[in-house]
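This briefing sets out the main features of one structure, arranged by topic. Please consult it alongside the sequence and the coordinates.

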Amino acid sequence: MSEAMHYVLARAADGGRITPDEALLLYTEAPLHALGMAADAVRRRRFSDNVATYIIDRNINYTNVCVTACKFCAFYRAPNHAEGWTHSNAEILRRCGEAVELGATQIMLQGGHSPELGIEWYEQIFSDIKANYPQLTLHSLGASEVVHIGRTSNLDHAEVITRLKAAGLDSFAGAGADPRRPATHRHCSAQGTGHRVAQRHGDRARARHGIHGHLHDGHRRDQRRAHRTPPHDP
Ligand code: SF4
């Protein structure tokens, strides 16, 4: 490892800030184990009792029907495709119950952008889950769903977010706000839009770096900063 890289990692581990150029250097050249050790040093410094926590969360994909057709996606089926499916509310609730029995405290509902699912469908399933499993946190959907629901239900983003929250959504997940090139992800236009509106409404929303290696360049990674909600993003 170069001296420059060692210096950057040591400064970050000691609580110092790194510049965008240094972040790019780490992204493109840092050995994985060295990055992991620096991250672990930060965790130990910030949480001196050396306790690392986790939650049990279940992802439930409610439909594979999608009009967006991202180039990397092998999951979706176009509307009217013979292999398209959408789970019933009963099936989604069954999966929630299964998760609760295994100790889950959070559900992440994620699925395709189905033209058949308007805001009422999401309101119904969120309120059904909350009625049956009030102990579950609903950390679900994301910027791209907000934009899609707005289109299918003829609502602006703020109205979509307000109604989803009223139905039981606790926080937005990050899908659709991942920093990617537009060529990789057609719903990139939703990246900032939905999350910025969500944050204006005081919602917890984050942009995760969920899909690695898909035509990213290093600079895209730095875009995460634009989407962060600092108090909740580790
Ligand atoms: S929006 Fe989601 S389900 Fe639809 S094509 Fe893109 S990644 Fe696949």
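**Ligand shell**

The shell around the ligand is made up of six nonpolar, five polar and no charged residues. Here Ala, Val, Leu, Ile, Met, Phe, Trp, Tyr, Cys and Pro count as nonpolar, Asp, Glu, Lys and Arg as charged, and the others, Gly among them, as polar. This is a predicted model, in which local features need pLDDT of at least 70 and side-chain atom pairs count only at pLDDT 80 or more, while totals for chains, interfaces and linings use all residues. Residues are numbered from 1 along each chain as its sequence is written.

- Cys66, Thr68, Cys70, Cys73 and Tyr76 come nearest of the eleven residues around the ligand; a residue is near a molecule or strand if its C-beta atom, placed from the backbone, lies within 6 Å of it.

**Sheet**

- An open sheet is formed by four strands in the order S1-S2-S3-S4, with parallel pairing. Strands (E, at least two residues) and helices (H or I, at least four) are DSSP runs, numbered from the N terminus, and two strands pair if DSSP finds at least two bridges between them.
- S1 and strand S4 (171–172) are the edge strands, each pairing on one side only.
- S2 and S3 run parallel and are joined by two bridges.
- Isoleucine 107 stands opposite leucine 138 in S3.
- H4 packs on the sheet and touches S1 and S2, its direction making about 165° with that of S1. Contact requires C-beta atoms, placed from the backbone, within 7 Å; axes are lines fitted to C-alpha atoms, for helices over the stretch in contact, and angles run from 0 to 180 degrees between N-to-C directions.

**Nonpolar cores**

- The largest nonpolar core has 25 residues, and Ile107, Phe126, Ile129 and Val146 have the most contacts inside it.
- Two or more residues of this core come from each of helix H4 (89–101), strand S2 (106–110), helix H5 (119–132), helix H6 (143–153) and helix H7 (157–167).
- A second, separate core of five residues includes Val8, Leu9, Ala23 and Leu26.
- Such a core is a set of buried Ala, Val, Leu, Ile, Met, Phe, Trp, Tyr and Cys residues joined through C-beta atoms within 7 Å. A residue is buried if 20 or more other C-beta atoms lie within 10 Å of its own, exposed if 12 or fewer, and partly exposed in between, with C-beta atoms placed from the backbone.

**Positive phi outside glycine**

- Asparagine 80, not a glycine, has a positive phi of about 75°. Asparagine 80 lies in the loop between strand S1 (57–61) and H4, and counts as exposed because it has 7 C-beta neighbours inside 10 Å.
- Leucine 141, also a residue other than glycine, has a positive phi near 55°. Leucine 141 is placed in the loop between strand S3 (137–140) and H6, and counts as buried because it has 28 C-beta neighbours inside 10 Å.

Terms used: Two residues are in contact if their C-beta atoms, placed from the backbone, lie within 7 Å.
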